[in-house]
Each structure stands twice: as C-alpha cells, then as structure tokens.
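The sequence and structure come first, and the notes follow.

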Amino acid sequence: MNDTYFHQVQSKTPTRFWVNNPTPNEAMMAIAAGAEYCTTNPTYASKMLKNSETMGACREIMKEILQKEPDDSLVVSQLQSRIVKKIMDAFLPVYEKSNGTRGWVSIQGDPEKEDDPSDILREAESNLNLSKNYIAKVPVTKSGISAIAELSQNDVPVIATEVMSIAQAVQISEIYTDIVVKRRNPAPMYVTHITGIFDQHLAEWKKNTGAEVSDEILWYAGILAGRKLYSIIKEREYPVVILGGGARGLHHFTEFVGADMHITINWKGTADKLIKDNPPVENRFDVPIKESITRELLEKVPVFKAAWEENGLRDDEYSDFPPVVLFRNMFLDGWRGAKDAVREARNEGKKS
C-alpha cells in the first residue's frame, strides 16, 4: 500500500492527508495509505461506543472510570481521552520520525462547556499529559479565541476549528501571528475551513426555504470560500497551516489537491473510496471558476456573503453563525449520546 492515491498526492503536490475519527484499525490503514496526522471531535466517544471494533473495549474503560467519577460529563471526557490515546500511540512513530513536525492527533473537549475558556483550558491541560503528539482542537468563537490565545502563548499546538468564515480565519491568524512573531520555535497553529459542513448547511437552507439557486451553483460555495481563505492567508504570510475539513463528498478533498494545505477526511466512505477509485492526481485547486458563480452566490445566499466578506461577522456572532451552529449541534448530539450510554451503564451497575 505504498503507492496509494494519497501517496501520489503527497509526492506530486504539497497537499496533505489527515484521517478523521478513525478506529484503531482504520488509523493503521490510514497511516499505511499515507496519512500523517489525525483529527477527532466530540462525537468520537459516541461513535466508538457503537462501532463493533471498539465497543467492547470502550465499555470496559467506561466501567473502570465510573467506579471513580460521579460526573457523567467527566466520564465522557476521560473515556474520549483514553480511547484517543490509542490513536496517538499509532501516530507516535510518525511524530518521532519527523522530529515532531507531523503525527499530531487532536482532541476537542466537551461542547457543552465551550462557552467558558477556563473549561477549554482545563481539558487541554489534562490532555497534554496523554502524549507528546497531542494537539488541542478549539472552536474559533469568542470564548474559544481567548483559550486559543492562551494555549499559543504557552506553546501548546492548536487546531483552530469551526471556521466557516473569512472573518474567523483572519482574526485567529492575526492573533497567532502577534503571539509567535518573536518566537524561534513556536507551537504550530492549524486554521481550519470546514468546507463540507458549510456546504451541508447551504443545501439544507435551500431545501427549507425553497431558495432559487441551483445545486450546481451551491456546489461551488465551500470551494470558493476555501480558496479565498487560502489566498488571504498566503498573501498576508500568516504563519499558520490551512486545514480543510468536514468533507461531505470526494470533491471536498480532490478540488483542493494542488494547494499547500492539509485536509482531514473520514476513512470509511471517503479516504477508502478515493484509494479504490484512484482518480488522476492533478492540480484542481488552480482550475478557474467562473466569476458569475461567485456573483450569484453573493446575490442570492446571505450566509455565503457573510462568510465571504472579511468584516461579514463580529466575533460575538461566530457562535450563532448557522453553519457553526449546525456543526456544534452534531457535536452536542454525539456528546449527549455518550452521556446517555454512561448513565445507562451507571444504572446497570447499581442494579447488579
């Protein structure tokens, strides 16, 4: 498996492949296929509790934690950390071989507590003890920005996530640049653009409102927004790495091939399909898109316009921006699903 689609992407372009929310087996397959990094999110514990590969081990870990921890949310946090640790172990050789430049594995904390920077920092501090290839994943909201700034000041690597707008990307890149400009070896910052979830929101918006904009035009929305974010970061020479995410189609990877950026995708249904299909590796990122498409999106899609304009949102509006809300609700559903499993296990323990 040393000449997969992703190996070809890496040998021919600067684009890099991260795997998202993998099981341990999927992590190993992804590494063999060329993945050099990994992201997880707050749905991870819930997904692993339902996955046939991992559910047994997860429930055993949960039972162990339950004996000492009375708070259900903290049980989920500890469970998430324990099971992500297995993924960190899988990527640790990549980290060590690269002298700490690759092999990062992210954890994003309790989404019910993300409005309090102190809670974000407390979880990150705890997770720092897991492995040297841990990277904190924090949303670019008003409270998250405060936490990201403190983490960066303390040389903690960060993925700035839930970025759906140019305003978010520019603000967090400016903050990071100001912090690290005089540092010799600053901890890295990855600024995401959650392209797929942005597009998913627009598809749902069209369905719910009956808006007169074609699916063909909407197909380009996330790609165009991602391209603009990329051009601003590169032109201004912000010292961050651009990370695409939230893929909802193969094009959310393939249309960015050729760019000096990283992209995180699920193994099942996306990465494995790209390996199977083995499409030609070509620079899709620089293929021109008609200006009329951008104009129509700006005229007809208010959320696209807010995301597109550098001053389209204030930082106190980030949390309520509809694509961000959609993404966070997915995390809340996953986290609460894991808490339901914890409560069920706790009740079963009381009966036995």
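## Definitions and basis

On a 1 Å grid over the protein atoms alone, a pocket is an open set of points where a 1.4 Å probe fits, with protein on both sides within 12 Å along at least five of seven lines; its lining residues have an atom within 4 Å of a point. Grid points are joined across faces, edges and corners, and a volume is the space filled by probe spheres set on the points.

The model is predicted: local features need pLDDT of at least 70 and side-chain atom pairs count only at pLDDT 80 or more, while totals for chains, interfaces and linings use all residues. Residues are numbered from 1 along each chain as its sequence is written, and side-chain values use heavy atoms, with hydrogens and water left out.

Helices α5 (72-97) and α6 each supply at least two lining residues, and α5 gives the most, with six. (Helices are DSSP runs of H or I with at least four residues, strands are runs of E with at least two, and both are numbered from the N terminus.) By type, the lining of the second largest pocket divides into three nonpolar, six polar and five charged residues. Here Ala, Val, Leu, Ile, Met, Phe, Trp, Tyr, Cys and Pro count as nonpolar, Asp, Glu, Lys and Arg as charged, and the others, Gly among them, as polar.

The largest pocket has a volume of about 560 Å³. Its lining holds 31 residues, of which Asn 20, Asn 21, Asn 41, Lys 47 and Asn 266 lie nearest the centre. At least two residues of this lining come from each of α3 (44-50), β5 (158-161), β8, α13 and α16. The lining of the largest pocket comprises twelve nonpolar, 14 polar and five charged residues.

## Salt bridges

Side chains of opposite charge can pair when their charged atoms come close. The structure holds 21 salt bridges, each defined by a side-chain nitrogen of Lys or Arg within 4 Å of a carboxyl oxygen of Asp or Glu. One of them joins Arg 336 and Glu 112, whose closest N and O atoms are 2.8 Å apart. This pair links distant parts of the chain, 224 residues apart: Arg 336 lies in helix α16 (residues 322-351), and Glu 112 in the loop between β3 (105-108) and α6 (117-127). Arg 336 is partly exposed at 41% relative accessibility, and Glu 112 is partly exposed at 32%. (Buried means under 20% relative accessible area, exposed over 50%, and partly exposed in between, with a 1.4 Å probe and protein chains only.)

Lys 234 and Asp 260 form another salt bridge, with closest N and O atoms 2.7 Å apart. It also links distant parts of the chain, from Lys 234 in helix α11 (residues 221-235) to Asp 260 in the loop between α12 (251-254) and β8 (262-266), 26 residues apart. Both partners are partly exposed, Lys 234 at 36% and Asp 260 at 37%.

## Helix α13

Helix α13 (residues 267-277) has four buried residues: Trp 267, Thr 270, Ala 271 and Leu 274. Seen down the axis, they fall within an arc of 120 degrees, so they line one face of the helix. The arc is taken from the directions from the helix axis to the C-beta atoms. Lys 268 and Lys 276, on the other side of α13, are exposed.

The buried residues of α13 pack against α1 (5-12), β1 (16-20), α2 (24-33), α12 and β8, where contact means heavy atoms within 4.5 Å. After α13 comes Asn 278, with a positive phi near 50 degrees.

## Helix α14

In α14, the buried residues are Ile 293, Thr 294 and Leu 297. Their arc around the axis is only 100 degrees, which puts them on the same side of α14. They pack against α10 (215-219), α11 and α15 (302-308). Glu 291 and Glu 299 are exposed on the other side of α14.

The side chains of Glu 296 and Lys 300 meet in a salt bridge, 3.0 Å from N to O. Both lie in α14 (residues 291-300), four residues apart, about one turn of the helix. Glu 296 is partly exposed at 21% relative accessible area, and Lys 300 is partly exposed at 38%.
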